[in-house]
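This report walks through selected contacts, salt bridges and helix pairs. Keep the structure open while reading.

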Amino acid sequence: MTDTYFPFVYWAQTENQVTLKVDLANVKDININLQEKKLQVSAYGQGARGCSNYGFSIDFHELVIPDESNYKVIDRQIDFTLKKKCGGWWPRLTGQPQKPPWLKIDFDKWKSEDMDDNEHEKRDVCNDYPDMYDKLHKEELGYRKEDFKKVYLIIYNLCQLVGFLYVLTVMGLKYSRDGPASMKHTYTVVGNPMKFIQLLQFLEVMHPLFGYTKGSVMIPFMQVGARAFVLFFMIEGEPRMQTKPVVFYLFIVWSAVEVIRYLYYNSQLLNVEIYFLTWLRYTIWIPLYPLGIICEGIIILRNIPYFEETQRFTVSLPNSLNFSLHFPTFLRIYLLVLCIPGIYTVMSHMNHARYKKLGKSNIKRKYT
């Protein structure tokens with residue numbers, strides 16, 4: 001059986017594209033698979049280990065457009081030109097913070113965000129700072145600064161995973177011992193842990209703002225905010241709701257979704273690819289999200305008569321702010337105006353994420 005080695009791969013970028021140079025001569029039997037987030041290459045050729053099979057895989061930091069990307073095979077190398085989907089400067093090539101030892105900077109084409117096209121200026125920088133290239137090789141533009149973010153996210157995801165696993169385990173043990181009678185004690189038993197991990201989830205709204213995760217702030221804000229509203233206002237705010245079986249079912253759905261999500265996030269941070277876990281992460285929401293939304297809607301609907309009776313959270317005139325709020329009316333408006341559009345937004349976002357993660361793409365190929 002012939003061993004497969006890694007070729008040296010040199011990369012550079014502009015604001016709109018990424019170029020790769022694979023140091024492999026006399027290439028035969030090339031096989032290339034380019035997706036929006038990943039590139040896989042295997043071929044037979046003359047590399048650092050002589051004539052042998054070579055191959056590598058790169059998970060990109062951002063998305064590329066396969067249909068507008070291309071490659072060409074010449075005598076001494078394979079050149080890739082990859083079109084960035086969103087444009088802008090990448091802090092590094094790969095999604096993970098660790099730099100593969102076979103990945104290098106293509107200094108002949110290298111540019112950065114604060115560097116223009118003046119070749120004379122590039123030569124002057126090299127002369128004035130002779131250790132700059134060694135420093136770039138060592139730090140690779142963002143690999144080192146990602147270490148703290150990675151450790152923090154792993155710890156955060158692990159804490160949330162343990163928290164939701166604890167809730168599921170306790171509920172399961174209580175149900176196996178007492179049966180359906182345990183449902184009315186759900187909030188008494190696991191209410192405090194659920195409130196704590198739910199409060200922690202507000203950190204996920206801040207993560208995109210500080211560059212710890214990618215994506216918009218709106219989607220996590222809608223998801224975390226809606227859950228917090230149901231948990232702290234609808235359940236915590238009305239003791240009679242705390243004994244209802246729907247709370248048991250809601251906590252089961254929330255916990256099942258989050259255990260899978262945080263387990264998947266940590267597997268990605270640790271560079272462990274498990275296809276079934278990926279598929280589960282982007283598929284389990286299809287039945288569980290609607291179930292969770294139904295449970296939340298039931299809780300809000302059943303609470304309207306309670307809040308009509310108690311007038312809790314209702315603000316009446318006169319008061320110093322000259323402001324009034326009839327809370328049961330707000331709940332009806334919330335269900336009709338905020339809840340339904342919110343459901344559509346979140347479900348559309350998850351469907352788009354599933355398509356991107358589990359879909360396939362192609363690449364234009366040409367030889368010269």
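T278 is found in helix α8, which covers residues 275–281. The model is a predicted one. Is T278 buried or exposed? T278 counts as buried because its relative accessible area is 7%, and the cut-off for buried is under 20%. Neighbours within four places in sequence set aside, T278 is in contact with Y264, Q268, E273, K357 and L358.

V22 sits in strand β3, residues 17–22. Its relative accessible area is 1%, so V22 is buried. Which residues touch V22, apart from neighbours within four places in sequence? They are P7, F8, V9, F56, R76, Q77, I78 and F80. One of these contacts is F56. V22 and F56 are 34 residues apart in sequence, and their C-alpha atoms are 9.9 Å apart in space.

F221 lies in helix α6. With a relative accessible area of 46%, F221 is partly exposed. Beyond its neighbours within four places in sequence, F221 is in contact with V205 and A226. The C-alpha atoms of F221 and L203 are separated by 9.9 Å, and the two residues are 18 apart along the chain.

## Salt bridges

Side chains of opposite charge can pair when their charged atoms come close. How many salt bridges does a search of the whole structure find? The search finds nine. Three of them are tabulated here.

| Salt bridge | Closest N and O atoms |
|---|---|
| E238 with R240 | 2.9 Å |
| R240 with E309 | 3.2 Å |
| R261 with E258 | 2.6 Å |

Take R240 to begin with. R240 forms a salt bridge with E238. R240 also forms one with E309. The R240 and E309 pair links distant parts of the chain, 69 residues apart. R240 is in the loop between α6 (218–235) and α7 (245–269), while E309 is in helix α9, residues 285–310.

How exposed are these three residues? E238 is buried, with a relative accessible area of 4%. R240 counts as partly exposed at 30% relative accessibility. E309 is exposed, at a relative accessible area of 57%.

Now turn to R261 and E258. Their closest N and O atoms are 2.6 Å apart. Both residues lie in helix α7. They are three residues apart, about one turn of the helix. Salt bridges that share partners join E258 and R261 with E204 and R227 into one network.

Two packed helices are described by the angle between their axes and the distance between the axes. Two pairs involving α9 follow.

The axes of α6 and α9 come within 10 Å. They cross at roughly 35 degrees. The crossing is left-handed. On the α6 side, the contact involves Q223, R227, F229, V230, F233, M234 and I235. On the α9 side are Y289, E296, I299, I300, N303 and F307. By class, the residues of this contact divide into nine nonpolar, two polar and two charged. R227 in α6 is one of the contact residues. R227 also belongs to the salt-bridge network with E204, E258 and R261.

The axes of α7 and α9 come within 9 Å and cross at roughly 150 degrees. This crossing, too, is left-handed. From α7, the residues are V246, Y249, L250, V253, W254, A256 and V257. They meet L288, Y289, L291, G292, C295, E296, I298 and I299 in α9. The contact of α7 with α9 has 13 nonpolar, one polar and one charged residues.

## Annotated spans

Where does UniProt place the feature "transmembrane region"? The unreviewed entry gives residues 151–173, 246–264, 284–304 and 325–347. Two of these spans can be described further. Residues 151–173 are 100% helix and 0% strand, with end C-alpha atoms 32 Å apart. Residues 246–264 are also 100% helix and 0% strand, and here the end C-alpha atoms are 27 Å apart.

Conventions: Residues are numbered from 1 along each chain as its sequence is written. This is a predicted model: local features need pLDDT of at least 70, side-chain atom pairs count only at pLDDT 80 or more; totals for chains, interfaces and linings use all residues. Side-chain values use heavy atoms; hydrogens and water are left out. A salt bridge is a side-chain nitrogen of Lys or Arg within 4 Å of a carboxyl oxygen of Asp or Glu. Buried means under 20% relative accessible area, exposed over 50%, partly exposed in between (1.4 Å probe, protein chains only). Helices (H or I, at least four residues) and strands (E, at least two) are DSSP runs, numbered from the N terminus. Axes are lines fitted to C-alpha atoms, for helices over the stretch in contact, and angles run from 0 to 180 degrees between N-to-C directions. A crossing is left-handed if the near helix is turned anticlockwise from the far one by less than a right angle, and right-handed if clockwise. Contact means heavy atoms within 4.5 Å. Ala, Val, Leu, Ile, Met, Phe, Trp, Tyr, Cys and Pro count as nonpolar, Asp, Glu, Lys and Arg as charged, and the others, Gly among them, as polar. UniProt positions are given in the numbering used here, feature names are shortened, and annotations may be inferred rather than shown by experiment.
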